[in-house]
Amino acid sequence: MKNAILIILILFVACTAFGQAKKNGKVKRKYRNVEQVSRNLPTVFLRGEVYDAEKNPLAGASVSIDGTLKGVNTNENGGFIIENLVTGKARLRISFVGYKTKTIDYILGVGENFHKIMLLQENIHIEPITVNAQKREQQILDVPAAITAIGATSIEQNNITELGQLSEFVPGLYIREQGANRPSFVIRGLTSDEVSPSAQPRISTYYNNVPINRASSASVELFDMEQVEVLKGPQNTLFGRGAQAGAVHFISKKPGNNAEGYVTAGTGSFAQKEFRAAVNVPIIEDKLFVRAAGIYNARDGYVENTFGGTLNGKNTIAGRFSARFLPAFNHKLDLIVNYQKDDTPGIAFMSKMFPNTNGVTDVFSGTASLEQGENLETGKDFFDATLNYKYYLNENTYWSSISSYRNSNSSARWDGDGTAAAALDMAEHGGAEQFYQEIRCNFSRNSRFNGSAGASYWREKADQTYNFSFNEQNTFYLFFDPTYLVMPDGQPISVSALPDIPQLGTLAGMPLPTDHREENYSMATNQAAEIFIDGTYQLTKKIFVSGGVRGIYDRYKLNSETVFTGGQESTLGMLTGNYPNLFFKPSQQQEINKNTMSFTGRAGIKYKINDGANVFVNYSRGRRPNVLQFTSSGEKEILNAEVLNNYDAGFKTSFLSKVFIDAVGFYQKYSDFQTSAWIADPASGEFNYKVKDGGKATSYGAETSVKVAIIEQLDIFGNYAWLNATFDSTGVDGSAQEYAGNSFRLSPEHSFTFGFNARANITPNIQLFVTPSYSYKTHIYFEDANTAGLEQAAYGLLNINGGLALADPKVILSVYTSNLLNEKYVTSAGNTGSLFGIPTFVPGAPRMYGAKLTWKF
């Protein structure tokens, strides 16, 4: 604790030295009615505000003085300060993608100089994007990294309502959702899997600057969003220990000073019902604003279950309350409270080997036979509250404090064998409670060195329970001959006792129970204290160097126990060695502890070709902490930390306010690669989904995206990613690897998306719009083992959103379709059934239609 206090005091002194106090003299500014004097003000300095034609502040605009090495980006209020200037004539240059670059000749006097600047948009322009990737507002062009931002306009135009849809617009990103509580985030081939309460993510998901550590909470509903930012490559320095492969940052809309809102009602295929609304209210002008938003989205599943209910459906309700308070010109508090609850039908794990009760084996038939019927489900709920406080020393130097509490619960029940047999009935329940505190100083030193430094503390208590239920009169066939699991009409085949066969010996004739239940419970306490600094320094007029380092102290504790919970003792457990259980050997509570100290960092250089183009080269090091886990027989395991060394180079350009292009190539080396797999070994009694050390691996590839405004009412967009991600031939110790030459799972070699947004005025008050997009992926394996048959061939999805928009009143009628060509594809293959050679498959969503009516006020 003493060390933490000392670090904070040092940061406070350093940050205060970097900044200067705001001063309001004779110049009228946003910060009125305040007089503040500082003896430390430079002799000559320039303050200003940048805004658009409608007086909206432009955050992230680039502001520089020609002939000097000084430049900053405007803050979220559009303000900036450039220090240590000299008196006389200066040329001020302001640029922002989508706006006309502006130069102003200005006569600088002694002390404070202040200027308000309006940027005008071209008649034909692309959508401007401000990002917070380097923990300060910047236009996306200025960030020397592989980053994609999907803004509110793109989300609305493309009717993006699911995480999977979102990922199609980000090259190098693939998000797979199965049910409500365990999405898989994949960046450049690396999948974020958390199969243990102590396992940490490889891809950090953030929600309004707060890390989401549990996968269940990362499946957020996309409503009333400002934008989503995706950074690729290790981001540990900027986004913490969980950003080994990248980061996904969800940013919701914040309260503003205008009274506004919207209401949307929609309907669609499979009895879909959608309602969403938001309202923004200024309570005290220029002081206190609040915003409330909510959504209800539900539909039946697109797979019928002959035992009752549907599968692969949706049922979500969520709400958000935000408040912003400005007690003084240099103080700002933001409060954000979120709640989401999902209670969805179960997942359609279907077999291609065995028929349903209609005698059909086609997983695209729309019918499954899973004996638990409506008991199958996936669900979650989470609540979080975040308080963000900022204290401005000046426009570009400020302190921030983020305090957050999050509580989440998740559940799932699924049919592991994919048939009408009661062979594998499985369930999972999880919970987590998280506290996060960050203190950060954003600084601008001499308007030439811009960055941030700070410290954070994170603590999480998480638990996970696996429940297994078996009718061993069906389960028997999984161990001896799965082909007899069900009859040709899909009805299960039962055997009441162990048959008299040589391999059973004296166990022959023992009765098989119809009801056996067991439970494996794990609980973890995870903590991390971190310190960090990251910044960019303008070395010359054209060259910028950037870098950062983060020190992390982790403490992990994992407890586990397994019990026989009910029914009859397992007869088959005598064969697996786990008696009286079948899968998990009963054990008293056990504990594993692991404390580590580690460092991650990055370094890069950017060459600025001109105001609208730059090239960059980066190196970054990512690290995933040690994985703590227990085998199904109760043995302790600690896997080495996974390390990723990333090298990338890229190019970004924007010209004529109409075109934006970015392209990045990368090369990545992994050591102690942590791969996840279902393990089934009757000889050792090991039946588990666990993490294995996959040794060394290599990935390389390229990503690019393009946006072009063709005419005022037509723009096109597209992206492409090429990826080669494979396991090396030898491991860290030089021995041959099990997966040598195999491709990473969920990693298509080629993927692309392209589309356009067209608008046409039918009358002065009515506009017709249409936005089609087509996304394509090449072959995908679903397991690192690259098992034949557990794969998806190349496929493409065509989605269209279009309709009519009225200017007054602001009413929008939209109709949409997803998977218009009714492409047949699977989103998962293998799963629990692959333990016994009877893999299951989850069919992707078929063609769907819908319509929405929105009123904006």
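A: Strands here are DSSP runs of E with at least two residues, and helices are runs of H or I with at least four, both numbered from the N terminus. This is a predicted model, where local features need pLDDT of at least 70, side-chain atom pairs count only at pLDDT 80 or more, and totals for chains, interfaces and linings use all residues. Residues are numbered from 1 along each chain as its sequence is written, and side-chain values use heavy atoms, leaving out hydrogens and water.

Let's zoom in on an open sheet: its three strands come in the order 22-21-26, with mixed pairing (two strands pair if DSSP finds at least two bridges between them). Strand 22 (310-311) and strand 26 (367-368) are the edges, each pairing on one side only. Strand 21 (residues 303-305) runs antiparallel to strand 22, joined to it by two bridges. Across that pairing, V303 sits opposite L311 of strand 22.

Now step back. The chain holds seven helices and 51 strands, and its C-alpha trace spans about 100 × 65 × 50 Å along the principal axes. Of its 857 residues, 58% count as buried (under 20% relative accessible area, with a 1.4 Å probe and protein chains only; exposed is over 50%, partly exposed in between).

Elsewhere, the largest nonpolar core has 36 residues, with L222 and F250 making the most contacts inside it. Such a core is a set of buried Ala, Val, Leu, Ile, Met, Phe, Trp, Tyr and Cys residues joined through side-chain atoms within 4.5 Å. Elements giving it two or more residues include helix 3 (163-167) and strand 17 (246-252), while strand 42 gives the most, with four residues.
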